[in-house]
Amino acid sequence: MTALLLHQNASELPVLIGSGGFIAHENGTLEIGYSVLSDYQNKGYATEAVRAMLEWALLSLKKDYIIASTYPHLKASIRVLEKNGFHFKGKGPEEGTITYEFTPENKITDPDSKN
């Protein structure tokens with residue numbers, strides 16, 4: 001698990017705004033997860049964090065397939081995944097969840113877009 005820190009300016013301490021990390025499943029699949037505190041949601045921080053975690057997994061872990069699970073009503077979370085190149089896969093592992101998948105061929109949209 002990694003802390004998501006916001007560095008506002010050099011004279012202030014960073015602020016903890018969320019967390020993120022990976023679960024390595026026995027079958028070799030890597031699953032990404034993340035959470036951002038409500039005061040910092042809808043500002044592009046989750047999109048930026050997921051993008052950085054994906055880049056790390058692709059370069060450092062040499063993983064070419066990553067999944068993420070969420071609930072269908074969490075539209076902002078789904079948008080974060082889609083902006084980072086994840087595509088809908090289907091039913092998730094837990095009741096009521098859905099799964100998205102990422103492969104390096106997937107197109108990543110504009111990182112500066114907050115929508």
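User: Leaving aside neighbours within four places in sequence, which residues is isoleucine 32 in contact with?
Analyst: This is a predicted model. Contact here takes heavy atoms within 4.5 Å. With neighbours within four places in sequence set aside, isoleucine 32 touches Gly21, Phe22, Val50, Met53, Ile66, Ile67, Ala68 and Phe86.

User: Which element gives the most to the largest nonpolar core?
Analyst: The largest nonpolar core has 22 residues, and Ile32, Val50, Leu54, Ile66, Phe86 and Tyr100 have the most contacts inside it. Strand 1, strand 3, helix 1, strand 4, helix 2 and strand 6 (98-102) each supply at least two residues of this core. The top contributor, with 6 residues, is helix 1.

User: What is the volume of the largest pocket?
Analyst: The lining of the largest pocket counts 36 residues, with Tyr34, Ser35, Thr70, Leu74 and Ser77 nearest the centre. Strand 2 (15-24), strand 3 (30-36), helix 1 (45-60), strand 4 (66-70) and helix 2 (75-83) each supply at least two lining residues. The volume of the largest pocket is about 760 Å³.

User: How do the residues lining the second largest pocket divide by class, and what is its volume?
Analyst: Among the lining residues are Leu4, His7, Ile17, Glu48 and Met53. Strand 1 (2-6) and helix 1 each supply at least two of the lining residues. By class, the lining has 9 nonpolar, 2 polar and 1 charged. The volume of the second largest pocket is about 210 Å³.

Conventions
Residues numbered from 1 in each chain as written. Predicted model: local features only at pLDDT ≥ 70, side-chain atom pairs only at ≥ 80, totals over all residues. Heavy atoms only, no water. 1 Å grid on protein atoms, 1.4 Å probe; cavity = no way out; pocket = protein on both sides within 12 Å on 5 of 7 lines; lining within 4 Å. Points joined across faces, edges and corners; volume = space filled by probe spheres on them. Helix = DSSP H or I, 4+ residues; strand = E, 2+ residues; numbered from the N terminus. Nonpolar A, V, L, I, M, F, W, Y, C, P; charged D, E, K, R; others polar. Core = buried A, V, L, I, M, F, W, Y, C linked by side-chain atoms within 4.5 Å. Buried < 20%, exposed > 50% of the residue type's maximum accessible area, 1.4 Å probe, protein only.
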